[in-house]
Protein chains: 2
Amino acid sequence: MTIYDISEKAGVSIATVSRVLNGSGSVSEKTKKRVLDVINRYEYTPNAFARGLGLNTMKTIGIICADSSDLYLAKAVYHIEQQLRGNGYDSILCCTGYELEAKAAAVGLLITKKVDGIILVGSNFIYECEADNQYVTDAASQLPIMLLNAALDAPNVYSVISDDFASIYEATLKMISAGIPDIVYFYNSASYSGKKKLAGYRAAMEEKALSANPLLLQFYQGSHEDIPAMTRHLVGLHDSGLKFHGVIASDDTLALAAVKYARLMGYSVPEDFSILGYNNSMLVNCCEPELTSIDNRLETLCRHLISTLMGVLNGKEMPKKTVFSGEIIRRGTTLF
Amino acid sequence: MTIYDISEKAGVSIATVSRVLNGSGSVSEKTKKRVLDVINRYEYTPNAFARGLGLNTMKTIGIICADSSDLYLAKAVYHIEQQLRGNGYDSILCCTGYELEAKAAAVGLLITKKVDGIILVGSNFIYECEADNQYVTDAASQLPIMLLNAALDAPNVYSVISDDFASIYEATLKMISAGIPDIVYFYNSASYSGKKKLAGYRAAMEEKALSANPLLLQFYQGSHEDIPAMTRHLVGLHDSGLKFHGVIASDDTLALAAVKYARLMGYSVPEDFSILGYNNSMLVNCCEPELTSIDNRLETLCRHLISTLMGVLNGKEMPKKTVFSGEIIRRGTTLF
DNA sequence: ATAAAAGATGAAAGTGCTTACACTTTCGCA
DNA sequence: TGCGAAAGTGTAAGCACTTTCATCTTTTAT
């Protein structure tokens, strides 16, 4: 069943059928109804490929993320997908792992597939080295590139990010004010957001003339399988003489390890040991006491990201970079 | 840059270019190299829409799931996406929520988009009422439908499922043998897999002449936000006189609530209180002691699902239904 | 050496839609 | 009552590929 069949049965030209299909041009009510009747009777739907050929778009956006089964990334993908669908777009998902080359390859693949735009879901190991951003810049010459939780100043690339620096900075100050001694920052990677978090922690500690102590967990690569190993890591540090009573974690998984650690050490939380998570994920409910965590308002970020993208696709001028501040969701592991 | 440009620059016809592009027909080594050189020099990639029009496929599979941010579904989506990519297919993701109508609508949308097949990721509230399966059967007349963790006997629909009945049946028997009294089954929905789990529990209890006690958590709808509420629910039951020392949970989230409950009640786990989770998700590491859980080998299921789909797409005869057995991963919340 | 089979190539006809352009009809207003 | 504008409709030219079929060139077998 093609547009020709419909036009024939309705006694009009294919142009007219196309017009009623797209609501373009002008068609009299009478013929519109006649065509619509035929379309409904035969349950005709236009061929998406042909339409794509003609319009040079299939209303599809590519989403690239390292691992859609990661707690945080999964949420991001979910919200993005919802927003896109609400705007009449579909999404092609590409899970690339954390290798930069794989991301670049995925971008190429999506361009070949003729998507209308690409969303890179960040907060990973990407965007560290300026040179490596080349593939993003290149791609941006063909279609708009949206960066979630990553930033890059280049034509046709738009960033929306959470203000991780400010969130951690504020939180650290609060923990210091609460009188917790020896606050450490427990993190796993020097990702874009990881760097900003670290900087926030450092700034707060320095402001109060305290020595910063960032604890880097080397082996942990964004996967969350290994809370026991993380806990052992902390215990190991403890055994080698490092003592601390406050943990600012770069994500909830690490914070959970800290909770376990505190229990093992016999500290009482939050009285003599405070723990702050990040992401406000479902993990906050998975420990005793429940985890205080920073919510970076992912849904808001995604909503903004998509509305920006829609604007760009409609040829509007849009802000190149938007920053949203997070908030501390207080639960049982902190005094603030 | 089109195929015409390439053909011109290479001094051949477009048919020949098309042949080297697709490896179809036969082309002499010499001209093949010449064409390839031109293609590389100009970084030409064929237009996906035109190709789609000609081939009537764009090598894309639709994935429908209720909520890609759900722990289990996210993993499923991830594995499916990986497998598809490995086979040269892309995936369009549709998150529909748990409403049946939304699923049906998504199926229609994907068909309109001309995907080559649709994967319905199940274990939800779907497939309960025979009548409601109509949309699946209808869709199957147009393209192959793959069901993960759901089953339906109809032409052109293929199911791969985990043997939830057997897993729970075996586990319940083991818990009974371990001497745990008053074993309850803690679950949240009468989904396809939920029903089979319940049946497995019932069968084991009856076999040992024990009275089954399924605890249905009404408000919980597949979201995992509310572990505290689940815990309160158990405490409420306790306060109204219900005592038990073994929990078979229909997923890890519920099991986690049971762990919290056991701690609140002062039971020592696993000596006088046993808890068995389901899915072997990351949550197993999030409690003390760590959770024994049933692994239903999701990756294997997905792998098999995709290889079946690939077979179907290549016109091969494929098994309509495959069942995989799960296994108990023993950790700290059970004696077995 | 030669017929037949196999291999290489191109012309042209799809594939199903959009849309610019031209044409006809209708309408409002002078 | 006529005329210009606006509305309605059709023709035909894309859009960028695949593929059949016919033609020509090699190879192979006899």
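## Around DNA strand D

In this predicted model, 27 residues surround DNA strand D. A residue counts as near the strand if its C-beta atom, placed from the backbone, lies within 6 Å of it. The closest are Ser26(A), Thr2(B), Ser18(B), Asn47(B) and Gly54(B).

Both chains supply helices here. Helices (H or I, at least four residues) and strands (E, at least two) are DSSP runs, numbered from the N terminus. By class, this surface has 13 nonpolar, 13 polar and one charged residues. Ala, Val, Leu, Ile, Met, Phe, Trp, Tyr, Cys and Pro count as nonpolar; Asp, Glu, Lys and Arg as charged; the others, Gly among them, as polar.

## Where chain A meets chain B

37 residues of chain A are in contact with 37 residues of chain B. Contact means C-beta atoms, placed from the backbone, within 7 Å. α5(A) gives the most to chain A's side, with six residues. That side holds 18 nonpolar, nine polar and ten charged residues.

Strands meet too. β2(A) and β2 (residues 90-95) of chain B run antiparallel, joined by three bridges. Pairing takes at least two bridges found by DSSP. Ile92(A) stands opposite Ile92(B).

## Domains of chain A

An automatic or database assignment sets the domain bounds. Chain A has domain 1 (3-46), domain 2 (59-162 + 298-325) and domain 3 (164-296). The C-alpha centres of domains 2 and 3 of chain A lie 29 Å apart.

## Reading the model

Residues are numbered from 1 along each chain as its sequence is written, while chains are lettered from A and ligands numbered from 1 in the order in which they are written. Local features need pLDDT of at least 70, side-chain atom pairs count only at pLDDT 80 or more, and totals for chains, interfaces and linings use all residues.

How values were computed. Two residues are in contact if their C-beta atoms, placed from the backbone, lie within 7 Å.
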